[in-house]
Amino acid sequence: MTQTPQTRATRSSFWSLPVVGAAILAGCASPIPPAPPPAVPAPPPQAVIVAPPPPPVDETPRGAPSQARTPREYRTDAAGHLYARNRDRIYTGKMPPLLYAVGVLQVHVDTRGQVSGLSWMRAPNHAPEVMAEIERTVRQAAPYPVSPALGRVTYTDTWLWDRSGRFQLDTLTEGQLGEMPSRASRLANPPVASPVAAARATPQPNRRPAAKPPATSCKGNQRATC
């Protein structure tokens, strides 16, 4: 079949349409986005330094200062402290000769004047209510005086308990009725003698005894006149 020039042009135009369309579509398509940059690794976590909490504040009351240098001296301070805290419970004057209870208690005091322990050296076991009340009174009186020279201290005192519920401590006792006064009390308060007793006690000057008359002998008829 013989192709005319017109036929060739028609065929060339037909086959060129797809190529032109593809080129148009290629020009209208969006450009390819660039590749994302490589990921930057995150920095390692920083160590968080937490400050330690402040030490707890000791709000325990502290006792008044004491100048005691020995447990015996401290016992006087502790007894005075107990008396000041229990003024209405102290027996006034000499105690009766027969006491309801007598107990010897050892008290342990820490560096802040708080009671850290109690030990009965001689317990009034016949009166358990008195024992409980003495222990309660001792603990309730804290804080006790604090001795910088002693720090922790242990002292012992004797409790003299009356049936009325009032008491005295042996360290500050006024004594008991009917008991012999102590030597210190006798020296501080010597007895006053009456004038008659004082006169009798006054030494008399040395005097020579009067001479006795010479003895006479009676004989015979002189017997009646002797």
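Which residues does Gln168 touch, not counting residues up to four places away in sequence? The structure examined here is a predicted model, in which local features need pLDDT of at least 70, side-chain atom pairs count only at pLDDT 80 or more, and totals for chains, interfaces and linings use all residues. Residues are numbered from 1 along each chain as its sequence is written, and side-chain values use heavy atoms, with hydrogens and water left out.

With contact defined as heavy atoms within 4.5 Å, Gln168 touches Tyr83, Tyr91, Thr92, Gly93, Met95, Thr158, Trp159, Leu160, Thr173, Glu174 and Gly175. Gln168 belongs to strand S4 (residues 167–169); strands (E, at least two residues) are DSSP runs, numbered from the N terminus. Gln168 is buried, its relative accessible area being 1% (buried: under 20%, with a 1.4 Å probe and protein chains only). Two polar contacts (pairs of N or O atoms within 3.5 Å; within protein, one able to donate a hydrogen and the other to accept it, and residues adjacent in sequence counting only if both atoms are side-chain atoms) involve the side chain of Gln168. The backbone oxygen of Tyr91 is reached at 2.7 Å, and the backbone nitrogen of Glu174 lies 3.0 Å from a polar side-chain atom of Gln168.

Thr158, one of the residues touched by Gln168, is in S3 and stands opposite Val104. Strands S1 (residues 101–109) and S3 (residues 153–161) run antiparallel and are joined by 9 bridges; pairing requires at least two bridges found by DSSP. S1 is also joined to S2 (residues 115–122), again antiparallel, by 6 bridges, with Gln106 opposite Ser119 in S2. The hairpin of S1 and S2 has 5 residues between the strands, and Gly113 there takes a positive phi near 85 degrees.

How values were computed. Helices (H or I, at least four residues) and strands (E, at least two) are DSSP runs, numbered from the N terminus. Buried means under 20% relative accessible area, exposed over 50%, partly exposed in between (1.4 Å probe, protein chains only).
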